[in-house]
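Here's a quick tour of how one protein chain packs its side chains together. Have a look at the structure first, then work through the points below.

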Amino acid sequence: MDGSTDELRRAHDTIAEFYAEKLPEIYAQLPVEQAVVDLFCTLVRGVGRSVADVGCGPGAIVPYLVARGLEPHGVDLSPEMVRAASRDHPDVPFTVADVRGLPFADASLDGVLGWYSLMYLAPSDRPRAFAEITRVVRPGGYLVVGYKQGDDSRRRGGRRIGVEFDIYWYSQEEVERRVTDAGFRTVFRADRPAGEWDEQPQGYLIAQRD
């Protein structure tokens, strides 16, 4: 494991319980995000039910996916995030894994969520990560990405909650380029201004596997 990845893992181990307590409350107050996830669920149900929440954290979105008829499997780099998710959502499988090496068979999923989780990838890691997503999503399946909008430069995140790690605020052009290069076609994109919980605008993209 490279130094940046190890730092990210250790930081998220440290804040796992904080996230487990706060994220469900925050997500419940974000109707735009809920609407994007609803659209993703509707599209996925047209082709199947099986989805992976990649970078699932403590599983805050899992109840929404289950309630909308999907069968999620959460994966996260942080063992402590997976432990918290498994405790709070015992009926859903969770696995410690890296997006650059997903624990799923080829074309075995109907959809993947990269919900504010792909923004930790350095530019050199993005082709491998998006290729893994392409590998596990069956043709016709969907990918949804939530991200913080910016200029693609590396930043240091986590300081407000006592940890540090590399993070990238993506431009819309960067996200679209990555999903297109990986063999997906954009079917929806949107953004919203910064709000109570944000420092910057947020972006959303749903794409379908060719």
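Predicted model: local features only at pLDDT ≥ 70, side-chain atom pairs only at ≥ 80, totals over all residues.

- You'll find Tyr116 in the loop between β4 and α6.
- Is Tyr116 buried or exposed? Its relative accessibility is 15%, and buried means under 20%, so Tyr116 counts as buried.
- Leaving out residues up to four places away in sequence, Tyr116 touches Glu33, Gly146, Tyr147, Lys148, Gln202 and Tyr204.
- Tyr116 and Val144 are 28 residues apart along the chain, and their C-alpha atoms are separated by 10.0 Å.

**Aromatic pairs**
- How many aromatic pairs does a search of the whole structure find? It turns up 6.
- Take Tyr120 and Phe165: their ring centres are 5.6 Å apart and their planes sit at 80°, so this pair is edge-to-face.
- Tyr120 is in the loop between β4 and α6 (126–136), while Phe165 is in strand β7, so the pair ties together parts that are 45 residues apart in sequence.
- Both Tyr120 and Phe165 are buried.

**Charges over rings**
- Arg126 has its charged end over the ring of Tyr168, 4.8 Å from the ring's centre.
- Over the face of Trp169 you'll see Arg155, at 3.9 Å from the ring centre.

- In soluble globular proteins, nonpolar side chains tend to be buried together.
- Here, the largest nonpolar core has 31 residues, and Phe40, Leu65 and Trp115 have the most contacts inside it.
- Elements giving two or more residues to this core include the helices α1 (3–14), α2 (16–27), α3 (31–45) and α4 (62–67), along with the strands β4 (109–115), β5 (137–148), β7 (165–168) and β9 (202–209).
- Which element gives the most to this core? That's α3, with 5 residues.
- Phe40 touches Val51, Leu70, Gly111, Val112, Leu113, Tyr142, Leu143, Val144 and Ile206, again not counting residues up to four places away in sequence.
- There's also a second, separate core of 27 residues, and among its members are Ala52, Ile133, Val175 and Phe184.

**Helix α6**
- The buried residues in α6 are Arg126, Ala129, Phe130, Glu132, Ile133, Thr134 and Val136.
- Their cover includes β4, β5, β7, α7, β8 (184–192) and β9.

**Where α1 meets α5**
- Helix α5 covers residues 79–88, and it packs with α1 at an angle of about 35°, with the axes 7 Å apart.
- Arg9, His12 and Asp13 of α1 make this contact with Pro79, Glu80 and Met81 of α5.
- Sorted by class, the contact has 2 nonpolar, 1 polar and 3 charged residues.

Methods:
Residues numbered from 1 in each chain as written. Heavy atoms only, no water. Core = buried A, V, L, I, M, F, W, Y, C linked by side-chain atoms within 4.5 Å. Buried < 20%, exposed > 50% of the residue type's maximum accessible area, 1.4 Å probe, protein only. Helix = DSSP H or I, 4+ residues; strand = E, 2+ residues; numbered from the N terminus. Contact = heavy atoms within 4.5 Å. Axes fitted to C-alpha atoms, helices over the stretch in contact; angles between N-to-C directions. Nonpolar A, V, L, I, M, F, W, Y, C, P; charged D, E, K, R; others polar. Phe/Tyr/Trp six-rings, centres within 6.5 Å; stacked < 30°, edge-to-face > 60°. Lys NZ or Arg CZ within 6 Å of the ring centre and 35° of its normal.
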